[in-house]
Amino acid sequence: QHQQHHTKVKMKGTITVRLIKSFEYRNIKTMILHEIDLDTVSVGLLREIIDAKIQKEGAYLPFRKNSFDTFKIFHKAHGHKPNNLTINLDNDSDLILKENLTLAQNGVEHETELSFFNRTEYEIFQQHPETKW
């Protein structure tokens with residue numbers, strides 16, 4: 001009996017992270033991360049990678065004092081973009097990444113766009129999702 005040995009191809013991907021400083025003022029900066037191993041990188045490690053870039057790179061200076069603590073899938077490649085331009089307000093239970101899982105286990109694929117934000121501020125915004133200019 002011939003057995004086939006399939007080696008799982010490591011899934012490295014590019015993800016876009018939308019740092020949300022303010023929901024109501026739509027103050028967002030994107031960070032593009034390349035060559036992220038979606039099968040092994042956990043939510044905690046992703047947070048460390050992003051925090052290090054925020055601290056190191058001058059472009060993220062205005063975001064250094066923010067307490068980002070939650071990731072949520074904004075949309076996946078070739079998927080529908082949400083109606084709200086700041087954050088996807090739908091399906092928190094499915095789209096908010098679970099801490100103890102890898103990105104792939106959380107449904108993150110190559111070219112997924114994630115929102116990274118403060119959960120308390122998000123919950124306040126959910127009550128009255130209006131933007132100010």
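User: What makes Phe23 buried?

Analyst: Phe23 has a relative accessible area of 4%. Buried means under 20%, exposed over 50%, partly exposed in between, with a 1.4 Å probe and protein chains only. So Phe23 counts as buried. This is a predicted model: local features need pLDDT of at least 70, side-chain atom pairs pLDDT 80 or more, while totals for chains, interfaces and linings use all residues. Residues are numbered from 1 along each chain as its sequence is written, and side-chain values use heavy atoms, without hydrogens and water.

User: Why is Tyr122 called buried?

Analyst: Its relative accessible area is 0%. Therefore Tyr122 is buried.

User: How many aromatic pairs does the structure hold?

Analyst: It holds 7. Rings of Phe, Tyr and Trp (its six-membered ring) pair if their centres lie within 6.5 Å; planes under 30 degrees apart count as stacked, over 60 as edge-to-face and the rest as tilted.

User: Why is the pair of Phe23 and Tyr122 called tilted?

Analyst: The ring centres are 5.8 Å apart and the planes stand at 45°, so the pair is tilted. Phe23 and Tyr122 also belong to one aromatic cluster with Phe117 and Phe125.

User: How do you know that the pair of Phe71 and Phe116 is stacked?

Analyst: The centres are 4.0 Å apart and the planes are at 5°, so the pair is stacked.
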